[in-house]
Amino acid sequence: MIDKKVLDEHNLTEEEYRRIVELIEKEPNRTELGIFSVMWSEHCGYKSSRVHIRKLPTEGRNVVQGPGENAGVLDIGDGQVLVFKIESHNHPSYIEPYQGAATGVGGILRDIFTMGARPIAVLDSLRFGPLKSPENRAIMDGVVSGIAGYGNSIGVPTVGGEIYFNECYSANPLVNVFCLGLARKDKIFLARAEGIGNPVLYVGAKTGRDGIHGATMASAEFGKETEHKRPNVQVGDPFKEKLLVEACLEVMDRGLILGIQDMGAAGLTCSTTEMAAKGGLGIEIDLDLVPQREAGMTPYEILLSESQERMLLVCTKENVRKIQEVFAKWDLDAPIIGRVTEGGQVRVLFKGEVVVDIPVEAVVNLCPAYRRPSQPPSRLPSAVRMPLLPVPADIEDVFFRLLASPTIADKEWVFRQFDHMVQTNTVFFPGADAAVLRIKGSKKAVAMTLDGNPFYAALDPSTGAKIAVAEACRNLACVGARPIGVTNCLNFGSPEKPEIMWQLEQVIDGLAEACRAFEIPVTGGNVSFYNDTEGVSIYPTAVLGIVGIIDDVRKAVSPGFKAEGDVILLAGENREELGGTEYVRVIHRVETGAPPRIDLEREKRVQEFCLKAIDAGLARSAHDLSEGGLAVALAECAFHSRGPVGCAVELDDPIRPDALAFGETQSRILLSARPADLDRLTGLARAAGIKLSAIGKTGGADIVLRHRGRDLVRVPVEDAYRRWKDSIPRFFRARSKGEA
Amino acid sequence: MRFGVVQFPGSNCDFDAFYVLKQVMKQDTVMLWHKDHDLQNVSCVVLPGGFSYGDYLRAGAIARFSPLMREVKAFARKGGLVLGICNGFQVLLELGLLPGAMLRNKNLKFLCQYVHIRVENDKTAFTRAGKAGQILRIPIAHFDGNYYAPPRVIAGIENNRQALFRYCDADGNATGEANVNGSLHNIAGLMNKEENILGLMPHPERASEALLGSEDGRVIFESIVRSLSSRRSVRAKAAGKRARHD
């Protein structure tokens with residue numbers, strides 16, 4: 001009997017239940033209800049976001065595959081394509097940080113190699129609560145170890161990413177994992193069932209009871225009791241996945257399969273129904289043929305299990321033997337568990353009986369889409385004026401404190417736990433503006449970055465979203481790459497709160513406008529709702545993963561100063577903008593005001609200038625100005641130099657000295673160049689219609705920043721470097737001594 | 001002259017070693033499948049980095065049972081050159097071809113970073129293209145690279161000059177700070193007494209192209225190539241002599 005209680009357990013409303021009955025023309029049994037519950041969950045069905053994400057631009061010259069498949073595909077010429085996507089694994093990472101993060105990596109890798117691409121890079125966007133709390137440190141330690149444990153073992157380098165810290169992420173850490181793969185354009189595979197009567201093969205790990213209702217779990221708020229949800233988190237086996245990668249790529253390369261889908265959220269249910277729906281056909285599977293890890297599993301459990309490292313293949317009968325031989329070589333079984341059928345039903349057999357018989361279309365494509373009520377907060381955060389802030393007497397002290405602020409401080413403690421060099425393509429390591437990987441056998445390189453400052457978006461979601469796009473493109477421009485495509489991961493609180501829906505709408509409007517301005521298509525992404533614990537929502541956090549191309553990898557530029565005596569240039573303008581900055585948050589404890597303004601046309605001109613300067617070989621280093629502003633950017637250029645190379649800079653803009661040093665005005669890039677190239681650079685800037693100022697010189701052992709004849713900062717590079725370098729390790733050292 | 005890179009399930013630096021040998025060093029190179037019993041007439045066997053069999057038990061503990069290891073052992077005992085990199089080093093320890101064992105890194109974390117290592121002896125098949133005292137900048141990437149052996153074994157290693165590379169600072173001093181993983185005597189690379197087997201924790205295949213940040217790893221590959229060509233010419237001469245005597 002299906003009553004209100006059963007529906008509640010399945011996170012379905014009575015309205016949704018009525019719709020199910022109408023669509024399948026019968027009362028569903030429990031197993032069928034379970035299938036609808038996961039496929040119509042927010043996580044799989046995008047029911048609150050679908051009407052909004054449609055506004056994002058998805059078309060472009062290079063797009064081979066837009067949203068709707070496992071990942072987006074972009075043409076990069078020479079018969080090659082890039083396959084990439086980002087996904088969240090927030091809820092599992094809070095409940096069980098190591099496995100939550102590890103299986104997040106495993107899941108996104110499968111999305112990429114399912115399409116026929118060899119994964120070549122992983123990047124992570126992470127959000128944690130402040131590190132002074134032992135719980136937050138434990139979460140961060142677990143998440144970082146989990147990403148390392150999976151990625152290092154499978155041999156895909158983790159080449160970059162970003163990390164922010166804020167109280168709102170204390171019980172809601174965010175783990176967004178991006179993966180990019182490389183494939184031949186003529187060897188792309190889709191999650192599509194083909195050919196009536198063709199066999200359906202199951203490959204990979206056996207099915208167990210782990211992860212049942214993971215997708216449903218990720219579609220509800222957490223209360224106080226999350227302990228009991230720990231069994232909902234799956235356990236990853238990177239070795240098994242490594243075998244799967246090799247075996248799958250081998251059968252794909254030999255052209256032995258027709259369609260393939262990984263079993264991610266909602267496991268066997270999702271993969272079978274989606275493959276059937278995309279092929280416009282039906283599918284029939286026999287659960288007795290499904291390899292199982294434990295005895296006595298019910299059809300409900302087998303169908304909804306989210307055991308990791310499993311895939312579903314469709315092939316012709318003739319190829320079954322050859323496929324099974326390849327999998328046997330990699331010590332994997334590939335049993336037939338069903339076949340493609342006519343008529344569009346998904347039928348599931350168990351001990352000779354039909355336990356599921358429902359139309360795939362209803363399950364996959366007729367999930368209700370809601371335009372949930374949306375309403376701006378009664379008082380917009382950006383409308384609350386910042387209090388009048390005193391200019392600190394000691395700018396140098398502020399400079400040191402900002403360098404040690406975990407959001408700005410060096411992340412090497414994290415990145416050296418990740419193998420960022422395996423596959424020998426990594427040209428720039430984590431810490432550069434964007435990760436750069438050469439493409440073997442060509443002159444080209446691919447550049448990638450993840451960006452999503454949540455503090456701007458908290459004040460003004462639309463502006464925050466635009467800045468995230470602009471900053472990601474700027475990061476690419478700083479290494480010399482032109483952006484060609486976008487994936488995004490949108491993390492929000494509960495969509496049942498009208499102000500959260502307002503945030504979503506604002507963010508999507510901002511993203512759509514910025515992506516159109518940069519002419520970059522969105523080829524896929526992920527929306528993660530219900531990032532609330534005990535009623536507190538996270539800041540709206542839109543993480544942009546933008547991919548770019550460098551035509552000649554030898555021209556790529558890194559942020560570090562290259563030599564003494566080079567001229568330091570600032571492209572863009574300094575304005576008095578303090579709202580949303582790391583400076584006002586850390587030093588003045590202020591989280592109100594308007595974020596920096598963003599003029600997308602101006603931004604494009606600055607980036608175009610930077611790209612031209614790099615292409616002409618005139619820029620020896622380039623670095624974008626972001627958190628911590630000019631002073632921190634200068635320091636980072638010094639830290640990333642081999643030497644180290646100091647700098648002396650003087651400006652006379654008529655603005656507050658703290659705004660000059662730490663303001664986060666957008667559309668600014670710091671470059672260094674040989675003095676002899678200054679004239680040509682000035683010419684390029686004039687042609688681009690941007691302001692370019694020679695503001696100082698590299699060299700010496702100090703970082704010197706002067707404003708209107710007065711020293712704001714004059715410190716040895718070494719001292720600043722120590723503050724920046726030691727900040728994050730210190731938190732973890734304290735813990736290991738038990739001083740927490 | 002031919003190189004063979006062994007592929008275990010879970011190897012993940014197999015393609016990297018293959019690429020450097022074939023594309024950068026321009027050597028005839030083949031992949032060797034762990035389930036085979038055929039070394040395909042190679043003159044040097046490379047055991048690559050990775051997580052063979054997932055390394056869930058102990059790094060390299062299962063790989064030593066792979067079928068091909070019977071041939072690799074016989075090849076090594078006959079004096080064939082064997083280079084084990086990272087997981088390959090761990091497999092060599094498990095096979096008993098090199099003494100000692102690997103513990104977890106002293107900070108109990110995976111470490112991926114550039115290190116400096118010092119060439120201790122330039123008279124070996126693996127270092128003849130370098131100079132004693134030369135400092136190489138090569139990355140490491142491992143969780144279990146903290147070399148350990150009982151005192152008597154360590155004494156033997158030092159007496160026989162089997163420690164071919166040591167972790168050092170940029171100036172060549174084998175300090176405690178430079179010894180990032182905690183290895184005894186800063187050992188980064190270890191040979192057998194006969195000097196035909198080398199286990200190396202750093203990854204020379206990741207440091208063989210300027211574009212990727214360092215070419216220092218080529219010293220090791222170049223040394224092997226030189227050693228093999230001189231062996232070949234010695235063998236050719238010997239064969240020539242025999243021919244004349246006949």
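The model is predicted, and local features were considered only at pLDDT of at least 70, side-chain atom pairs only at pLDDT 80 or more, while totals for chains, interfaces and linings use all residues. Residues are numbered from 1 along each chain as its sequence is written, and chains are lettered from A and ligands numbered from 1 in the order in which they are written.

Chain A contains 25 helices and 28 strands; helices (H or I, at least four residues) and strands (E, at least two) are DSSP runs numbered from the N terminus. With a radius of gyration of 26 Å, close to the 27 Å given by the globule rule for 740 residues, chain A is as compact as a globular protein of that length. The radius is taken over C-alpha atoms, and the rule is 2.2 Å times the number of residues to the power 0.38. The C-alpha trace of chain A spans about 85 × 55 × 50 Å along its principal axes. Buried residues account for 61% of the 740 residues of chain A. A residue is buried if 20 or more other C-beta atoms lie within 10 Å of its own, exposed if 12 or fewer, and partly exposed in between, with C-beta atoms placed from the backbone. Of the contacts in chain A with a separation of 6 or more, 84% are between residues 24 or more positions apart; a contact requires C-beta atoms, placed from the backbone, to lie within 7 Å.

Chain B has 5 helices and 11 strands. Its radius of gyration is 17 Å, close to the 18 Å that the globule rule gives for 246 residues, so chain B is as compact as a globular protein of that length. The C-alpha atoms of chain B fill a box of roughly 60 × 45 × 40 Å along the principal axes. In chain B, 51% of the 246 residues are buried, and 76% of the contacts between residues at least 6 apart in sequence join residues at least 24 apart.

The largest nonpolar core has 324 residues, and those with the most contacts inside it are A:Val436, A:Val479 and A:Leu634. Helix 18 of chain A (residues 461-479) gives the most to this core, with 11 residues. Such a core is a set of buried Ala, Val, Leu, Ile, Met, Phe, Trp, Tyr and Cys residues joined through C-beta atoms within 7 Å. Beyond its neighbours within four places in sequence, A:Val479 is in contact with residues including A:Phe428, A:Val436, A:Ile550 and A:Val557.

Strand 6 of chain A (residues 174-184) is largely enclosed by the rest of the structure, because 10 of its 11 residues are buried. Strand 3 (residues 80-88) of chain A runs antiparallel to strand 6 and is joined to it by 9 bridges; two strands pair if DSSP finds at least two bridges between them. The bridge partner of A:Phe84 in strand 6 is A:Leu180. Strand 4 (residues 118-128) of chain A also pairs with strand 6 in the antiparallel sense, over 9 bridges, and A:Leu123 stands opposite A:Phe178.

Helix 10 of chain A (residues 238-253) has 16 residues and reaches 22 Å from its first C-alpha to its last, close to the 22 Å expected at 1.5 Å a residue, where the expected span is 1.5 Å times one less than the number of residues. Since 12 of its 16 residues are buried, helix 10 is largely enclosed by the rest of the structure. The buried residues include A:Phe239, A:Leu243, A:Cys248 and A:Met252. Among the elements covering them are helix 7 (97-113), helix 8 (134-154) and strand 7 (199-204) of chain A. A:Gly255, with a positive phi near 65°, follows helix 10.

Between the chains, 24 residues of chain A are in contact with 21 residues of chain B. Helix 8, helix 10 and strand 14 (426-428) of chain A each supply at least two residues to the side of chain A that touches chain B. The residues of that side comprise 11 nonpolar, 8 polar and 5 charged. Here Ala, Val, Leu, Ile, Met, Phe, Trp, Tyr, Cys and Pro count as nonpolar, Asp, Glu, Lys and Arg as charged, and the others, Gly among them, as polar.

Most residues other than glycine have a negative phi, and most peptide bonds are trans. The peptide bond from A:Gly643 to A:Pro644 is cis, with omega near -5°. A:Pro644 lies in the loop between helix 22 (629-639) and strand 24 (647-651) of chain A. A:Ser667, although not a glycine, has a positive phi of about 60°. A:Ser667 is buried, with 28 other C-beta atoms within 10 Å. B:Glu195, also not a glycine, has a positive phi of about 65°, and is partly exposed, with 19 other C-beta atoms within 10 Å.

Conventions. Two residues are in contact if their C-beta atoms, placed from the backbone, lie within 7 Å.
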